[in-house]
Amino acid sequence: MRAGAPSRLFGVYLALAAIGAIMPYVIFLPWLADHGVNSRLFVSQLFSTGPATIFAADVLFAAGVFILFVIAEGRRLGMRRLWLPPLIVFTIGLCCALPLFLAMRERRLAA
């Protein structure tokens with residue numbers, strides 16, 4: 001890898017971020033079309049069974065840890081736009097925010 005050029009992982013992470021941006025909405029938009037904006041129903045279905053609760057709690061916990069990592073690692077590396085991954089966690093999801101942050105980190109490490 002030449003100095004200043006992002007690694008191949010940069011492109012892989014960006015592609016994964018794009019997939020992670022599309023995937024949740026492919027699942028969520030049909031639910032939204034059926035039920036409308038109904039946060040009470042959404043939360044009740046999210047925690048409706050034991051396995052669903054395990055997955056929801058796992059993702060929510062991982063998202064919190066991820067946000068702490070973004071702040072700590074981003075500051076350590078002097079990265080810019082650290083507000084973007086946490087915003088994406090809340091608007092799209094961890095499946096987009098994590099690979100996006102990793103791409104941002106690869107770019108910074110190459111600089």
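# Exercises on helix packing and the nonpolar core

In this predicted model, the largest nonpolar core has 16 residues, and those with the most contacts inside it are Phe-66, Met-79, Val-89 and Phe-101.

**Exercise 1.** Determine which elements give two or more residues to this core, and which of them gives the most.

*Solution.* Begin with the elements that give two or more residues to the core, which are α3 (50–77), α4 (84–91) and α5. Finally, turn to Met-79, one of the residues with the most contacts inside the core; when residues up to four places away in sequence are not counted, Met-79 touches Gly-74, Phe-101, Met-104, Arg-105 and Arg-108.

**Exercise 2.** Describe how α4 and α5 pack, giving the angle, the direction, the handedness and the residues of the contact.

*Solution.* The first step is the geometry, in which α4 and α5 pack at an angle of about 165° with their axes 7 Å apart. Because angles over 145 degrees count as roughly antiparallel, α4 is roughly antiparallel to α5. The crossing of these two helices, α4 and α5, is right-handed. On the side of α4 the contact is made by Leu-84, Pro-85, Ile-88 and Val-89, while α5 brings Leu-94, Cys-96, Ala-97, Leu-100, Phe-101 and Met-104. Sorted by kind, the residues of the contact of α4 with α5 divide into 10 nonpolar, no polar and no charged.

**Exercise 3.** Carry out the analysis of angle, direction, handedness and contact residues for α1 and α5.

*Solution.* Start from the axes of helix α1 (residues 8–35) and helix α5 (residues 94–110), which come within 7 Å and cross at roughly 160°. With that angle, α1 is roughly antiparallel to α5, and α1 passes α5 in a left-handed crossing. The residues that make the contact include Leu-9, Phe-10, Tyr-13 and Gly-20 of α1, and, from α5, Cys-95, Pro-99, Glu-106 and Arg-107. Taken as a whole, the residues of the contact of α1 with α5 divide into 15 nonpolar, one polar and two charged.

**Exercise 4.** Locate Pro-30, and state how far its C-alpha atom lies from that of Glu-73.

*Solution.* Pro-30 has its place in helix α1. With a relative accessible area of 44%, Pro-30 is partly exposed, because that term covers values between the 20% limit for buried and the 50% limit for exposed. As for the distance, Pro-30 and Glu-73 are 43 residues apart along the chain, and their C-alpha atoms are separated by 36 Å.

Technical notes:
Residues numbered from 1 in each chain as written. Predicted model: local features only at pLDDT ≥ 70, side-chain atom pairs only at ≥ 80, totals over all residues. Heavy atoms only, no water. Axes fitted to C-alpha atoms, helices over the stretch in contact; angles between N-to-C directions. Helix = DSSP H or I, 4+ residues; strand = E, 2+ residues; numbered from the N terminus. Parallel < 35°, antiparallel > 145°, perpendicular 65-115°, else oblique. Left-handed = near helix turned anticlockwise from the far one by under 90°. Contact = heavy atoms within 4.5 Å. Nonpolar A, V, L, I, M, F, W, Y, C, P; charged D, E, K, R; others polar. Core = buried A, V, L, I, M, F, W, Y, C linked by side-chain atoms within 4.5 Å. Buried < 20%, exposed > 50% of the residue type's maximum accessible area, 1.4 Å probe, protein only.
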